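Here is a short report on one structure.

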Amino acid sequence: MLYALMGLGLSLITGVLNIPNFAHGALFAIGAYFLVSVVGVLGNFWLGLLVAPIGVAVLGLVIEYAGIRRLYAAGHDYQLLFTFGLALILNELIIVIWGPVGISHLPPALLRGGLDLGFTFYPKYRLFVMAMAGLLVVATWLFLEKTRYGAIMRAGIENKEMVSLLGIDIHRLFTVAFALGAYLAGIAGALTAPIRGLSPGMGVDMLGIAFVVVALGGLGNLLGAIAAGLLIGIAQAVVAAYWTEASTAVIFAVMALVLLVRPQGMFGIR
Amino acid sequence: MRAAVLILASICVLPLIVRPAIASEIWIFAIFGLGLNLLLGYTGLLSFGQSTFFGSAAYVAGYLLKYYGIGVFAALGVGVGIGAVSALLVGYLCVQRSGLYFIMLTFALNQLFYFIAYQWTSVTGGEDGMPGIPRPALFGVDLRDPLHYYVLVSAIFLLSLWLMKRIVESPLGRILQAIRENEVRAEAVGYHAPRFKLLAFVLGGAFSGAAGVLYAMLFGIVPLESIGFVFSGNVVFATLIGGSGSLYGPIIGSFVFIWLSESMSVMWARWPLLLGVAFVIVVLFFRGGVVEAWSRVWRYSKRTA
């Protein structure tokens with residue numbers, strides 16, 4: 001579900017803005033580190049979960065407004081270089097501010113320990129993350145499908161010229177989409193922190209996964225992102241049980257296999 | 001002709017200015033850039049996974065050099081082969097998609113190879129890299145002397161440049177450029193675009209492979225970073241800053257990039273941060289590459305004078 005969330009955010013940014021966002025993983029990592037810092041200052045996990053992703057969204061807002069906005073006319077190569085440069089900067093800033101060593105972070109007291117489901121014993125926090133991620137995916141879906149601005153955003157993915165001809169401020173749309181995508185990445189990072197702990201490399205690892213989700217699910221395709229996220233999440237869990245070392249490589253192997261059979265991705269748009 | 005003289009002159013002068021190791025690194029990186037430029041500049045394919053081929057070749061050839069004691073030319077041959085084969089595998093999946101999907105696929109497959117190298121510690125050494133790559137003697141010449149090795153690297157660079165010039169000026173090169181300019185039209189006159197893109201991938205991969213082997217022998221180690229995505233990004237940066245689409249662009253870019261990273265890495269341990277800032281500044285203000293930046297500075301100095 002977390003993978004779906006990451007893929008969804010990236011899918012929005014890539015689909016609406018038509019840029020390759022190599023900083024998406026860094027935004028994810030920043031979300032996790034923001035959470036740790038906010039919890040450290042305020043001492044409350046829930047406040048942290050609320051504030052940290054908003055912080056990432058604001059960061060996304062600034063990035064779009066100050067940098068990416070100037071690059072829509074430039075080719076993908078320069079957009080890539082820009083977001084790649086940003087990823088390097090954010091990644092190194094994490095090391096400078098929070099240190100190169102991994103940090104572990106405990107879930108809030110309420111969600112510690114496990115829950116007996118009858119057939120198996122499952123950590124409470126993981127259940128919470130699944131519910132949270134599911135809720136966010138549904139909320140994003142409702143926003144995109146049922147609200148006016150969501151409809152505009154979907155239209156922006158389909159045909160940008162037409163949308164701006166209809167008198168809609170396309171630049172504001174881009175900014176909102178980027179901030180929303182950054183928010184989703186940030187909250188995915190914040191939710192991950194108590195499960196896997198934090199390390200400066202977490203962003204890059206997640207970036208690759210997010211790209212796989214988008215490549216399989218299709219740009220701006222919500223259902224595709226969820227299906228692809230679940231597929232690789234399950235594949236990874238299954239392989240991890242038997243052969244731990246291969247659990248990351250398998251994500252990309254699954255992608256390669258799917259693309260061999262269906263080069264156009266799981267749902268075959270564009 | 002002028003370009004040839006200039007390159008020969010810089011090959012001769014360079015080791016007098018900087019350490020031979022850095023001079024070698026510049027030409028190796030230039031070979032790497034030449035390979036990418038065939039894709040990026042001539043075919044219009046933005047590959048963000050070139051280190052896949054560079055690193056795979058470096059690991060395989062490094063392994064054979066270390067444990068089986070093969071010669072320099074055999075190692076280079078293996079590297080070129082591995083570079084081409086890995087590019088064939090990756091390219092086959094990637095050329096079926098275009099635009100943003102293509103970029104993301106090259107990156108994702110790069111990550112696949114990275115994680116294999118990262119986890120397969122018994123062979124690759126994982127995070128520590130694969131140390132102890134020897135530099136065998138060639139025709140009785142001891143290549144362990146940095147200057148001797150520099151001569152070999154320069155010779156292979158010149159060979160690569162000559163080959164690349166032949167490739168881009170051949171009918172094949174023209175077809176690739178036609179695909180870059182207008183893929184639909186190239187298809188319409190009868191060229192199956194994916195097949196030519198794949199061919200460009202394989203050729204580019206072969207150049208990357210040669211560069212990877214030279215790199216491994218230069219430093220005596222195959223670091224894990226050599227197959228990582230930052231390496232892929234660096235070569236894209238070098239090619240763009242030198243000016244893609246021109247044969248000599250990657251060479252200029254390699255000079256600028258190695259100079260930048262060498263001078264930054266002595267300044268601060270967190271130098272990738274500075275590198276990132278350099279990327280952002282270049283993209284925002286000097287999008288035309290070095291050539292345009294130079295003419296802008298020149299115009300500015302004329303105005304103020």
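## Chain A in outline

Helices here are DSSP runs of H or I with at least four residues, strands are runs of E with at least two, and both are numbered from the N terminus. The model is predicted. On that basis chain A reads α-α-α-α-β-β-α-α-α-α-α-α-α along the sequence. The secondary structure comes to 11 helices and two strands.

Chain A has 270 residues, and 50% of them are buried. Consider the contacts in chain A with a separation of 6 or more. Residues 24 or more positions apart account for 74% of these.

## Helix α5 of chain A

Helix α5 of chain A covers residues 124-146.

Several residues of α5(A) are buried. They are A:Tyr125, A:Val129, A:Ala133, A:Leu136, A:Thr140 and A:Leu144.

## Helix α1 against α8 in chain A

Two packed helices are described by the angle between their axes and the distance between the axes. Helix α1 (residues 2-17) and helix α8 (residues 170-196) of chain A pack at about 165°, with axes 9 Å apart. An angle over 145 degrees counts as roughly antiparallel, so α1(A) and α8(A) are roughly antiparallel to each other. Their crossing is left-handed.

On the α1(A) side, the contact includes A:Leu2, A:Leu5, A:Met6, A:Leu8 and A:Gly9. On the α8(A) side, it includes A:Leu173, A:Phe174, A:Ala177, A:Phe178 and A:Gly181. By class, the residues of this contact divide into 18 nonpolar, three polar and no charged.

## Helix α1 against α9 in chain A

α1(A) also packs with helix α9 (residues 202-217) of chain A, at an angle of about 70° and with axes 8 Å apart. That angle makes α1(A) roughly perpendicular to α9(A).

From α1(A) come A:Tyr3, A:Ala4, A:Met6, A:Gly7, A:Leu10, A:Ser11 and A:Thr14. They meet A:Met206, A:Ile209, A:Ala210, A:Val213, A:Val214 and A:Gly217 of α9(A). This contact has nine nonpolar, four polar and no charged residues.

## Where chains A and B meet

How many residues does each chain bring to the contact? Chain A brings 39 and chain B brings 35. In chain B, α5 (99-119), α11 (229-242) and α13 (271-285) each supply at least two residues of the side that touches chain A. α5(B) gives the most, with 13 residues. The side of chain B that touches chain A divides into 27 nonpolar, five polar and three charged residues.

One helix pair spans the two chains. Helix α11 (residues 249-261) of chain A packs with α5(B) at an angle of about 140°, with axes 8 Å apart. The two helices are therefore oblique to each other. Their crossing is left-handed. α11(A) contributes A:Ala249, A:Phe252, A:Ala253, A:Met255 and A:Ala256. α5(B) contributes B:Ala108, B:Leu109, B:Gln111, B:Leu112, B:Phe115, B:Ile116 and B:Gln119. The residues of this contact divide into 10 nonpolar, two polar and no charged.

## Helix α13 of chain B

The 15 residues of α13(B) should span 21 Å at 1.5 Å a residue, and the end C-alpha atoms are 21 Å apart, which agrees. Buried residues of α13(B) are B:Pro272, B:Leu273, B:Leu275, B:Gly276, B:Phe279, B:Val280, B:Val282 and B:Val283.

What covers these buried residues? The cover includes α4 (76-98) of chain A, together with α11 and α12 (249-267) of chain B.

A:Tyr242 is found in helix α10 (residues 222-242) of chain A. Is A:Tyr242 buried or exposed? It has 8 other C-beta atoms within 10 Å, so A:Tyr242 is exposed. A:Tyr242 and A:Gly181 are 61 residues apart in sequence. In space they are 34 Å apart, C-alpha to C-alpha.

B:Ala74 is found in helix α4 (residues 72-94) of chain B. B:Ala74 has 15 C-beta neighbours inside 10 Å, so B:Ala74 counts as partly exposed. B:Ala74 and B:Ala30 are 44 residues apart in sequence and 22 Å apart in space, C-alpha to C-alpha.

Conventions: Residues numbered from 1 in each chain as written. Chains lettered and ligands numbered in written order. Predicted model: local features only at pLDDT ≥ 70, side-chain atom pairs only at ≥ 80, totals over all residues. Expected span 1.5 Å × (residues − 1). Buried ≥ 20, exposed ≤ 12 C-beta atoms within 10 Å, placed from the backbone. Axes fitted to C-alpha atoms, helices over the stretch in contact; angles between N-to-C directions. Parallel < 35°, antiparallel > 145°, perpendicular 65-115°, else oblique. Left-handed = near helix turned anticlockwise from the far one by under 90°. Contact = placed C-beta atoms within 7 Å. Nonpolar A, V, L, I, M, F, W, Y, C, P; charged D, E, K, R; others polar.
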